Amino acid sequence: MLSREQAATIFDRIKKLSSSDEVEVLFSGGKFALTRFANNTIHQNVEEENHIVSVRTVFGGRTARATTNKFDDDSLRRVVESSEALAKVQHPDPDLLPMPDSREAAGESHLRSDQASGSPIPTRAVPTRYFEQTAAITPQIRAASVKKIVKVAQGNKITTAGIFSSSESVEGIFNSRGLSEWHSQTLAEVSITMLGADSSGWQKANSPDVTNLDPLRMAEVAAKKALASAHPAEVPPGKYTVILEPSAALDIVGFMFWDYSGMSILDQRSFLTGRIGSKLFGENITIWDDVTHPLQAGSPFDGEGMRRLRVPLVENGVIKRVVYARATAERMKRSEQKDKAGPIEPTGHGFPLPNETGEMPLNIVFAAPQNPQSLAQMIASTERGVLITRLWYIREVDPYEKIVTGMTRDGTFLVENGKIKQGVRNFRFNESLIHMLSNVESMSVPLRACGEESFDMVVPAMKIRDFNFTEVTKF
Amino acid sequence: MKQVANWALDVATMRGASYSDARIVSQRSRALTTKNGKVGSASDAESVGMSVRVIADGAWGFAASEDLSRPGVEATAARAVEIARASALVKLQDIRLAPEKSVTAEWTTPYAIDPFAISVEENIALLLKIDSELCAVAGITLAETNLNFNREEQWFLSSEGSDIHQTKYSAGAGYTAYAFAGNEIQKRSYPNSYGGQWQSKGYELIEELKLVENARRIAEEAVALHRAEQCPEGTFDLILDSSQLGLQIHESIGHPIELDRVLGMEANFAGTSFLTLDKLRTLRYGSEMVNVVADARQEHGPGLGTFAYDDEGVPAQCTPIITRGLFTGYLSSRETAHTIGENRSGGTLRAEGWNRLPMIRMTNISLLPGEKPLSREQLIASTDHGILMQTNRSWSIDDRRYNFQFGCEIGWEIKHGKPVRMVKNPSYSGITTEFWNALDAICSREEWTLWGTPNCGKGQPQQVMGTGHGAAPSRFRQIKVGSAYKGS
């Protein structure tokens, strides 16, 4: 693993090689390993180590980036030359700001202005996200866990497929104005599908700390779902009350967070264009972006090294604000949309420059409801509805009404008279996220969840009325 | 590089591997974008490294590293063997590889103009010219363009004696014009959405695409969509333009024929397939007109799935997938070929880069053109009442590849053989086999285009791969249209 000290030395070498006005170097990489199983056997088992150095140079308002995974003198010289050659032929960008120094990156000035506007954004330290137990996972340890998962499948006369992965990674940024940030993290992830003859069940979880994962219990839950959903009935499409387990909830709501971006508003491609300050969702929906949350993961700084601030995105259904990279905030202040854009300040959510997408909130945290309901309580209070384990292949149908389509998968159940009645064939939905988040009847305590369609979040299970299923598939 | 690969193979053999291969890959890419008159991103990237894939104790192991020093390479090979032995702890049977003759070969993508020899100034000037054409149309609120070039040089050596050196080039370009007004965002893209057209070619592809010439029309269509009526809901004859049909092939034929999916190896993520083994040579996949091949050979064209050898040293092949409507073939590998009674791999194993395990990927999965002469105009003229849809806007299909729904950027209602009005937000849906059995007309060779899909995701960790899809405009009878907006 590349250390901060080694990275600092490489940065010094790059700085000496560059003749640019400013230079910024991003580091990323680490070790990643994944054991994959299917049909009750390990069929793929991989490990890689790789580090990347990415150099951005600036000449008189012109900037560009070049990247390599080789750190020898020739490679570093070549990557600097590539970055400089690309930068020099760009057109000057009037929106390009000088690179931030350490003080600006720490966000002190932004805190002051937010407090002045009556919306303080407190800072908290990011908890440790590097755990020795996770870094020490071996192929043998992963295989031992897989063996237990397979045993659950075999005990139930079904088969299993899934993964157990582990990684340790670093992320760093240095620039010629003295900024220097570094983040180390581990992550372990387990995903399990149990397959019966005509049914399946699924569970997935990850954490920087592997001791938070319980693969055996996950296997038992997935197997129970597969068995309980056997011989699925065909139920006609239509509007149903649905109960989305947390992974299903995150996979569908994740499709709206690209729009909580100043650049997306400037580009008029966000469904929030003209809607900031409006009440779009139900009173019970409050959403933050908060990298410091104990159940979150990721680095506390953005692609320019700016400290990620805690940002209230939605408060009691009202769209409060969007996130901003530094340059986006400056552009928004000069734009015709500035009066409809909510508070305009850099929030530390920018992507590495140069880019065309600006920024995005990546550490979503749903606020706990006043009266949290467990999944069991949600089912018990449902006269007729559908319990959904997982959603799949979600895509945007309408960008402004935020209609998305997708399928249910791996554990879809009919609920009647407060009880799970039976498994049902999977549905296709076409549902507006605005409509959906206005119809949330109850939520569980939010927890760290992961899916396949969106990024990890702290999100509750949700019971939603009038969810729009338009078709049913063959299984 | 061969010496480096041999260090790995020697250590793997010494440690007890019964089979090993080493791939050293050097990748170079350039990505340029513009947005509303400015360069959006400009980046060059290179990545070099090596992976070692082994069978030891009858199970797979794979390790990859950026470190090409002799100690680094030998440690990576030893690690791969150790991982294989860990795999063997949860094993039901030993891996079986279909036999393959060893080969020594060199191959490079045929190209006329090295894309990296064209100056970045010229690249940016082209994109900004397109941008200015798009933004010149009143009502356009966002214009985006992109230009991408890739070069991948690979040395593949195996313990069976293969020694293959391939250099592959690809290029891609496209643009999108957005129009926001009222409560609606409409867009049009050219030559295709989500990155445009991609092929295994040099810079000559960019010159062939007529990017600037089409920009004004595309922007005008994006604005005009705001005045168009909503696509009607109901059952209609459907004509798909070739790029949308290319994606339809990708999703509802290309993925379900992947044998690893069929065998359950992708069940946890990408899903399985309705094409269970009993369906080979028994399932009526489509109508008599449907002929589909998986063809990685150079003679099929410059698709993103064109190569000389796959990433386990198997020569490029053409496999009949659907023959006069009958399902006749899967995409296979050396490990999976025996499950369908074949004694040779179909040659479809590919990896995203040096640090990824090769897996079954689509090559060029193409619907062959109609045998009788039929132009697009003649196809429309022979349609009494239908909807023509162009350019993908959204795509979704279930995890066994039965139920799909696609949205397109623009539609045209056809009455009595003529397009009578533009319609917005068109979508259609169906069940894969029902849909392909509803095909009753395919345009002929002159309307056929080999489209590139640069962003096909599969595997854990996920790998992104380029695939090719040849298609000509085609008609499908009585298809469900408009359900994407039903009930909303």
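The model is predicted. Chain B touches chain A through 70 of its own residues, which meet 76 residues of chain A. Within chain A, the domain assignment gives two domains, domain 1 (4-31 + 46-107) and domain 2 (232-475).

- By class, the chain B side that touches chain A holds 30 nonpolar, 25 polar and 15 charged residues.
- Strands also pair across the two chains: strand S2 (residues 41-59) of chain A runs in the parallel sense with strand S3 (residues 59-65) of chain B, over four bridges.
- A:Glu48 has B:Ala64, in S3(B), as its bridge partner.

**Domains of chain A**

- The centres of domain 1 of chain A and domain 2 of chain A, taken over C-alpha atoms, are 34 Å apart.
- Where the two domains touch, domain 1 of chain A supplies 12 residues and domain 2 of chain A supplies 14 residues.
- Strand S3 (residues 62-68) of chain A contributes three residues to the domain 1 side, the largest share of that side.
- The domain 1 side that touches domain 2 of chain A is made up of seven nonpolar, two polar and three charged residues.

**Helices H1 and H2 of chain A**

- Two packed helices are described by the angle between their axes and the distance between the axes.
- For helix H1 (residues 4-17) of chain A and helix H2 (residues 73-88) of chain A, the axes come within 10 Å and cross at roughly 55 degrees.
- H1(A) and H2(A) are therefore oblique to each other.
- The crossing of H1(A) with H2(A) is right-handed.
- From H1(A), the residues A:Arg13, A:Ile14 and A:Leu17 meet A:Leu76, A:Arg77 and A:Val80 of H2(A).
- This helix contact has four nonpolar and two charged residues, with no polar residues.

**A hairpin in chain B**

- Strand S22 (residues 449-458) of chain B pairs with strand S23 (residues 463-471) of chain B in the antiparallel sense, over eight bridges.
- Within this pair, B:Trp451 lies opposite B:His469, which belongs to S23(B).
- Four residues lie between the strands of the hairpin of S22(B) and S23(B), and B:Gly459 in this hairpin has a positive phi near 90 degrees.

Methods. Residues are numbered from 1 along each chain as its sequence is written. Chains are lettered from A and ligands numbered from 1 in the order in which they are written. This is a predicted model: local features need pLDDT of at least 70, side-chain atom pairs count only at pLDDT 80 or more; totals for chains, interfaces and linings use all residues. Two residues are in contact if their C-beta atoms, placed from the backbone, lie within 7 Å. Ala, Val, Leu, Ile, Met, Phe, Trp, Tyr, Cys and Pro count as nonpolar, Asp, Glu, Lys and Arg as charged, and the others, Gly among them, as polar. Two strands pair if DSSP finds at least two bridges between them. Domain bounds come from an automatic or database domain assignment. Axes are lines fitted to C-alpha atoms, for helices over the stretch in contact, and angles run from 0 to 180 degrees between N-to-C directions. Angles under 35 degrees count as roughly parallel, over 145 as roughly antiparallel, 65 to 115 as roughly perpendicular and the rest as oblique. A crossing is left-handed if the near helix is turned anticlockwise from the far one by less than a right angle, and right-handed if clockwise.
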